[in-house]
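User: I would like to go through this model with you, one region at a time. Could you take my questions as they come?
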Amino acid sequence: MPLKMHAAVVEQFGKPLELREQNIPSPGPGQILVKTEACGVCHTDLHAMHGDWPVKPTLPFIPGHEAIGLVAAVGSGVTIVKEGDRVGVPWLYSACGHCEYCLTGWETVCAQAQFGGYTVNGGFAEYLLADPNFVAHIPAGLTAMEAAPLICAGITTYKGLKQTEARPGEWIAISGAGGLGHLAIQYAKAMGLLVCAIDIDDGKLAHATRLGADFVINAKTGDPAIAVKKATGGGAHGVLITAPSLIAFKQGVGMTRKRGTCVLVGLPPGEFPVPLFDVVANCITIRGSFVGSRQDMAEALAFAVGGKVKADIELQPLSAINQIFERLEHGDVPSRVVLDFAPAKTKSQESAADRQLATAGSGATKAL
Ligand code: NAD
Ligand code: ZN
Ligand code: ZN
C-alpha cells in the first residue's frame, strides 16, 4: 500500500479546496521529495484557485509556492542537495537552463518554465516534489516559518524594487501593503530608499509606518497619485504596484515622477488604461516584473539573515486553508499567513526531529 499524505486540492475553480489524503509522490530521476515544514499563502494561490488568469492550471492541483521543508528523498542523479537539507520550493519550479533567458539570468521567463502550485503540485501538502536545480537554499539563520514568505513575496518585491532603478535617497511608492507590500517596505528601507506606502486599509498603513514607511496614504480618501506627488515633490522615482486591484495600476502610473519607472507586480485579472500622453511626454517607463532569478533569491534571503527584513507571519494549520482564502479575498490577512505543518510540536521536539532527519541519510525515506 502506498503511503499517504494530507493535501489541500483545487478540484474546481472558485470552489473550496478539498482536504484529503493522497499518495505521497516518489521522486523520479533528477527529482527530490521535500517534507513540508511550512508554506506561505500568497494571493497568487487565490488567483490560481479562481482560475483568474489566461493560462489556467490543469485540475485537480495542489497550490502553494512558498513551501519550506527538509529533503526526505532524492531521485537518481541528484547531487546538488542531500537528504536533510532545508530547501524552499518556489514559484519558479524549473526552467530549461539552455534558452537565451536561462543563459542571461532571466529563467523566470523561460518558455519551458514550470510554476510551483500551478503547473505542478505545490506546498499545500505534507510532501511535494521539487527540481533540485531550482530550490532555494535556506540559510541556517532562518526558521522554515520565517523563510516561507521570503521565497515568493520577498524575492518578488526585492526584484521589483531593483527593476524600478530607484537609487538610495530617492522615493519609492509601494501600492498595497499586504503580504508582498509589508516586505517591500522593509527591502526598500534596507536599500536606502524613502518609502511612501499606499493601501486602502488603515490597519495595514499603521503597520507600514511601524515597518519604517516615511509617508502613508489611504487610497480610499482621495486620489493617491495627487497625494504621492505632493509628498514626494513631483512623484516617486520608482513605483511598485503589488495591489491586486486594477484601479491601483492606473493610480500607480500617475504617482510616477518624470523619467521614473512604474513596476507592475500585482496580477488582478484584466487590463488597465494607460494615459499615453502623460507617459510619453514625461518619459515614464512601465515595466512588468515576475518573481526573480535564483541569484535574486539568494540576495533576498541574505537581507533576512542580516536582520534587515523579517516577515510578519500568522501560523495556521493546513485544515484552515478555506477560511484563510476567504480572509485573503476580503483583505483581512494582516501580512502573511504561513501554514504550519507541525503545529503540535514543541520547539525542542521540532529541532530533535530535524536533527534526526538531517542525520538519517537514506534511512529518511523509510520514515515516509
Ligand atoms: P495581499 O492580499 O496579501 O495584499 C494585497 C494588499 O493590497 C492588501 O493590503 C490590500 O488591502 C491592498 N489593496 C487592495 N486594493 C488596493 C488599492 N486599490 N490600492 C492600494 N492597496 C490596495 O496579496 P499579496 O500576496 O501581497 O499579492 C498581491 C498581488 O501580487 C496578487 O495579485 C498576486 O498574485 C501578485 N503577485 C505577483 C507576483 C509576481 O511575480 N509578479 C508574485 C507574487 C504575487
Ligand atoms: Zn506568490
Ligand atoms: Zn530556458
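User: Which strand holds Q22?
Analyst: Q22 lies in strand β2, residues 18-23. Strands (E, at least two residues) and helices (H or I, at least four) are DSSP runs numbered from the N terminus. This is a predicted model, in which local features need pLDDT of at least 70 and side-chain atom pairs count only at pLDDT 80 or more, while totals for chains, interfaces and linings use all residues; side-chain values use heavy atoms, with hydrogens and water left out. Residues are numbered from 1 along each chain as its sequence is written, and chains are lettered from A and ligands numbered from 1 in the order in which they are written.

User: What does Q22 touch, not counting residues up to four places away in sequence?
Analyst: With contact meaning heavy atoms within 4.5 Å, Q22 touches L3, K4, M5, A7, V9 and I62.

User: And how many Å separate the C-alpha atoms of Q22 and E100?
Analyst: The separation is 38 Å, for two residues that are 78 apart along the chain.

User: Let us turn to the metals. Which residues coordinate the zinc ion (ligand 3)?
Analyst: C96, C99, C102 and C110 coordinate the zinc ion (ligand 3), each through SG, at 2.3 to 2.4 Å. Donors are N, O and S atoms within 2.8 Å of the metal (3.2 Å for Na, K and Ca); water is not among the atoms, so sites may look incomplete. Along the chain, the donors of this ion follow the spacing C-x2-C-x2-C-x7-C.

User: What is the geometry of the site of the zinc ion (ligand 3)?
Analyst: The site is tetrahedral, with angles of 105 to 115° among its four donor atoms. Four donors count as tetrahedral if all angles lie between 85 and 135 degrees.

User: Are C102 and C110 buried or exposed?
Analyst: Both C102 and C110 are buried. Buried means under 20% relative accessible area and exposed over 50%, with partly exposed in between (1.4 Å probe, protein chains only).

User: What coordinates the zinc ion (ligand 2)?
Analyst: The zinc ion (ligand 2) is coordinated by C42 (SG), H65 (NE2) and C152 (SG), at 2.0 to 2.3 Å. H65 is in the loop between α1 (43-50) and β4 (67-74), and C152 is in the loop between α3 (144-147) and α4 (153-164), so this pair ties together parts 87 residues apart in sequence. H65 and C152 are buried.

User: You mentioned α1. Why is α1 described as largely enclosed?
Analyst: Six of the eight residues of α1 are buried, so the rest of the structure largely encloses this helix. The buried residues are T44, D45, L46, H47, A48 and M49. Their cover includes β3 (32-40) and α11 (321-329).

User: What follows α1?
Analyst: G51 follows α1, and its phi is positive, near 65°.

User: Where is there a cis peptide bond?
Analyst: The bond from L59 to P60 is cis, with omega near -10°. P60 is placed in the loop between α1 and β4. As background, most residues other than glycine have a negative phi, and most peptide bonds are trans.

User: What about phi of E165?
Analyst: E165 is not a glycine, yet its phi is positive, about 60°. E165 is in the loop between α4 and β10 (171-175), and it counts as exposed at 54% relative accessibility.

User: And V291: buried or exposed?
Analyst: V291 is buried, with a relative accessible area of 9%. Its phi is also positive, near 35°, and V291 lies in the loop between β15 (285-288) and α10 (294-305).

User: Where does D340 sit, and what is it in contact with?
Analyst: D340 belongs to strand β17, residues 336-340. At 12% relative accessibility, D340 counts as buried. Beyond its neighbours within four places in sequence, D340 is in contact with E37, M145, L315, Q316 and P317.

User: Finally, what pLDDT does the protein chain average?
Analyst: The average pLDDT, the predictor's confidence in each residue from 0 to 100, is 93, and 92% of the residues score at least 70. Over residues 345-368 the pLDDT is below 50. Where pLDDT is low, the predicted coordinates should not be read in detail.

Methods
Tetrahedral: all angles 85-135°; square planar, octahedral: opposite > 155°, others 65-115°.
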